[in-house]
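Student: I have a model open and want to check the words used for it. Can we go through them one at a time?

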Amino acid sequence: MKFLFLLLYNFLEDFLHLVKIKKFLKKNVLFKKSIIFDVGCHKGKITKIFFDLYNQSKIYCFEPNKLLHKTIKQNNSNKNLTVNSCALGKKEEEKILSLEDLDLTSSLSKINKNSFYLKVKKLILGEAKNSLIKKVKVTTIDNFCKTKKIKKIDLIKIDVEGHEYMVLLGSKKMIKNINYIIIEIQKNSMYKDYSKKKIESFLKKNNFYLLKKFNFPFMFFEDRLYKNKKFD
């Protein structure tokens, strides 16, 4: 069952979901040289799309699961790629990262054990095996940009399994200098204290408007593309 699910998931991601995102960006989001952040890079699939579209860009990937770094670099041999093992959040700290055997679901967020979605997931995939608990360094977008002397981010993608709002909270200074944000929105109750409304409110307060929704077929989440009015 697990093998069939992963086969279906990867097919939907590679040939439907990411294709839709790439087509929209190619037509509507145009850059020359740009700064891009991929937060929650996983295996670097969308990073590759960014390099395909914006091949002169400097891309910073953030993936605290070091076991994936080799795959990220294999998928993206561009010299303008920087892979960081730290996570991003609302403040400088160390947090516990739960590394699941299904690396798609590794998260800094606390799981809601009463979630119906979690029960369905366990029915399909079985109980998590070989789960590892690891301490990871967390920094903020603001502090990272200050250290690297980054004044503007043209595009940032945030997909961190329920921890997206915390990442946004760490950008209170830089947020006004971010042009586009692609962010994963959960449509399930798998993560404790997760609030889609808080994400929407934060972005609206900081002059972002929704440009496009990308629903992942048959799954309980979607990616959204937001635009900063300042750069219209």
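Predicted model: local features only at pLDDT ≥ 70, side-chain atom pairs only at ≥ 80, totals over all residues.

Student: Why is K192 called partly exposed?

Tutor: Its relative accessibility is 46%. Buried needs under 20% and exposed needs over 50%. K192 falls between these cut-offs, so it counts as partly exposed.

Student: What does K192 touch, leaving aside its neighbours within four places in sequence?

Tutor: K110, I111 and N112. Contact here means heavy atoms within 4.5 Å.

Student: Now I175. How do you know whether I175 is buried or exposed?

Tutor: The relative accessible area of I175 is 2%. The cut-off for buried is under 20%. Therefore I175 is buried. This residue lies in the loop between helix 6 and strand 8.

Student: Which residues are in contact with I175, beyond its neighbours within four places in sequence?

Tutor: I181, F202, N206, F208 and N228. Take N206: I175 and N206 are 31 residues apart in sequence, yet 7.2 Å apart in space, C-alpha to C-alpha.

Student: What makes L169 buried?

Tutor: L169 has 18% relative accessibility. Buried means under 20%. The value is under the cut-off, so L169 counts as buried. L169 belongs to helix 6. Neighbours within four places aside, L169 contacts K90 and F202. L169 and D142 are 27 residues apart in sequence and 9.5 Å apart in space, C-alpha to C-alpha.

Student: F202 came up with both I175 and L169. Which residues of helix 7 are buried?

Tutor: I199, F202 and L203 are the buried residues of helix 7, which runs over residues 196-205.

Student: What does the face of helix 7 turned away from its buried side carry?

Tutor: The exposed residues K197, K204 and K205.

Student: Why is K197 called exposed?

Tutor: K197 has 67% relative accessibility. Exposed means over 50%. The value passes the cut-off, so K197 counts as exposed. The C-alpha atoms of K197 and Y165 are separated by 9.9 Å, at 32 residues apart along the chain.

Student: What follows just after helix 7?

Tutor: N207, with a positive phi of about 70 degrees.

Student: Where else do you find a positive phi?

Tutor: H42 has one, about 55 degrees, although it is not a glycine. H42 is in the loop between strand 1 (35-39) and helix 2. K149 is not a glycine either, and its phi is positive at about 60 degrees. K149 follows helix 5, in the loop between helix 5 and strand 7 (153-158).

Student: Is K149 buried or exposed?

Tutor: Its relative accessible area is 70%. The cut-off for exposed is over 50%. So K149 is exposed.

Student: And helix 5 itself: what makes its buried residues one-sided?

Tutor: The buried residues of helix 5 (residues 141-148) are I141, D142, F144 and C145. They cover an arc of only 165 degrees around the axis, so they lie on the same side of helix 5. On the other side, K146 and T147 are exposed.

Student: Last one. Why is helix 1 called roughly parallel to helix 2?

Tutor: Helix 1 (residues 2-28) and helix 2 (residues 45-53) pack at an angle of about 30 degrees, with axes 11 Å apart. Angles under 35 degrees count as roughly parallel. That makes helix 1 roughly parallel to helix 2. The crossing is right-handed.

Student: Which residues make the contact of helix 1 with helix 2?

Tutor: From helix 1: N10, E13, D14, L18, I21, K22, L25 and K26. From helix 2: K45, I46, I49, F50, D52 and L53. By class, that contact has seven nonpolar, one polar and six charged residues.

Notes
Residues numbered from 1 in each chain as written. Heavy atoms only, no water. Axes fitted to C-alpha atoms, helices over the stretch in contact; angles between N-to-C directions. Helix = DSSP H or I, 4+ residues; strand = E, 2+ residues; numbered from the N terminus. Parallel < 35°, antiparallel > 145°, perpendicular 65-115°, else oblique. Left-handed = near helix turned anticlockwise from the far one by under 90°. Nonpolar A, V, L, I, M, F, W, Y, C, P; charged D, E, K, R; others polar. Buried < 20%, exposed > 50% of the residue type's maximum accessible area, 1.4 Å probe, protein only. Arc of directions from axis to C-beta.
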